[in-house]
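Biologist: I would like to go through the aromatic contacts and the terms used for them. Please show me the sequence and the structure.

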Amino acid sequence: MPQHFVAPPQWEWYIVWYFFLGGLAGGAYLIGTLLRLMGDPRDQGVSRLAFLVAFPAMAICPILLTLDLGRPTRFWHMMINSRTLEPNFKYWSPMSVGAWVLFFFGLFATLSFIEALVREGRLRHPLARRIADVMGGVVGRVLMVVGALCGLFVAGYTGVLLSVSNQPIWSDTWALGGLFLASGLSVAAATLAILARGRAGAEATERKLTRADRFFIVLELVLLVAFFATLGALASRLLEPRWLALWVLVAAGTLVPLIMYREPAAGRGGSPVLAGCLVLLGGLALRIVLIFGSQV
């Protein structure tokens with residue numbers, strides 16, 4: 001039987017950052033995998049950068065979840081049955097499924113992180129080199145594909161978790177999962193585009209990232225329109241004066257980058273770094289208003 005929230009969960013800032021970093025981690029890993037498996041040799045440096053970003057963002061997520069529980073020891077109850085010490089997997093519970101997918105995603109992200117460190121010349125331990133050799137072969141490609149699928153799940157799962165509650169707004173729309181996924185991919189692409197500015201020979205990859213981010217932003221805007229359309233009159237709760245400043249940030253983090261990301265050859269391009277920073281602020285603002293706006 002599906003698990004639903006009976007009372008508002010009263011999530012705090014820990015969860016906002018979990019939702020934000022989860023989207024960033026999943027999106028970065030997916031982009032890194034695509035660049036690794038489908039890109040050209042010039043993309044490999046940014047691919048490694050994506051894995052270097054995905055791991056720390058992912059590693060912070062379980063810490064934030066644990067802190068939000070109030071009693072950190074309860075976190076283990078989501079993974080292990082305290083009476084039998086057997087794995088505690090509940091396929092009908094979104095929280096349980098999410099915890100386990102996050103766990104496996106963490107394993108894949110860790111392997112890719114180690115390989116990236118070795119390829120970057122920052123880690124020379126024999127075991128790390130052996131892991132890098134495995135990740136560079138057919139087995140590693142399979143692991144990256146599975147990890148990318150887990151990353152997609154993690155990026156969109158946060159919105160699905162809200163949708164299966166019985167809380168007004170969250171449970172009154174089907175668009176939250178897709179909206180959080182599109183936003184997470186956009187935030188990841190923007191982050192990598194910003195960081196790629198400092199890498200030699202990454203100009204072509206940076207252009208790919210900005211083009212991808214334009215697509216993700218358009219998808220996010222379409223899903224945002226669908227989100228409000230499916231809410232009907234309930235949408236007015238999210239448009240109260242207290243939330244308007246955050247919606248301005250959301251607009252600045254979507255509409256403005258669409259203009260600034262235009263090709264410099266058109267003579268109208270803006271700073272990719274500034275555009276990327278606006279995307280990050282808009283992605284965070286979106287999560288704040290959607291989480292806290294429904295709980296008030």
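Biologist: Which residues form one aromatic cluster with Tyr-18?

Modeller: Phe-19 and Phe-180 form one aromatic cluster with Tyr-18. This is a predicted model, where local features need pLDDT of at least 70, side-chain atom pairs count only at pLDDT 80 or more, and totals for chains, interfaces and linings use all residues. Residues are numbered from 1 along each chain as its sequence is written, and side-chain values use heavy atoms, with hydrogens and water left out.

Biologist: How many aromatic pairs does the structure hold?

Modeller: There are 14 aromatic pairs. Rings of Phe, Tyr and Trp (its six-membered ring) pair if their centres lie within 6.5 Å; planes under 30 degrees apart count as stacked, over 60 as edge-to-face and the rest as tilted.

Biologist: Why is the pair of Trp-13 and Phe-292 called edge-to-face?

Modeller: The ring centres of Trp-13 and Phe-292 are 5.2 Å apart and the planes stand at 70 degrees, so the pair is edge-to-face.

Biologist: What makes Phe-292 count as buried or exposed?

Modeller: Buried means under 20% relative accessible area, exposed over 50%, and partly exposed in between (1.4 Å probe, protein chains only). Phe-292 has 14%, so Phe-292 is buried. Trp-13 has 47% and is therefore partly exposed.

Biologist: Why is the pair of Tyr-29 and Phe-105 edge-to-face?

Modeller: The centres of the Tyr-29 and Phe-105 rings lie 5.6 Å apart with planes at 80 degrees, so this pair is edge-to-face. Tyr-29 counts as buried because its relative accessibility is 0%. Phe-105 is buried at 0% relative accessibility.
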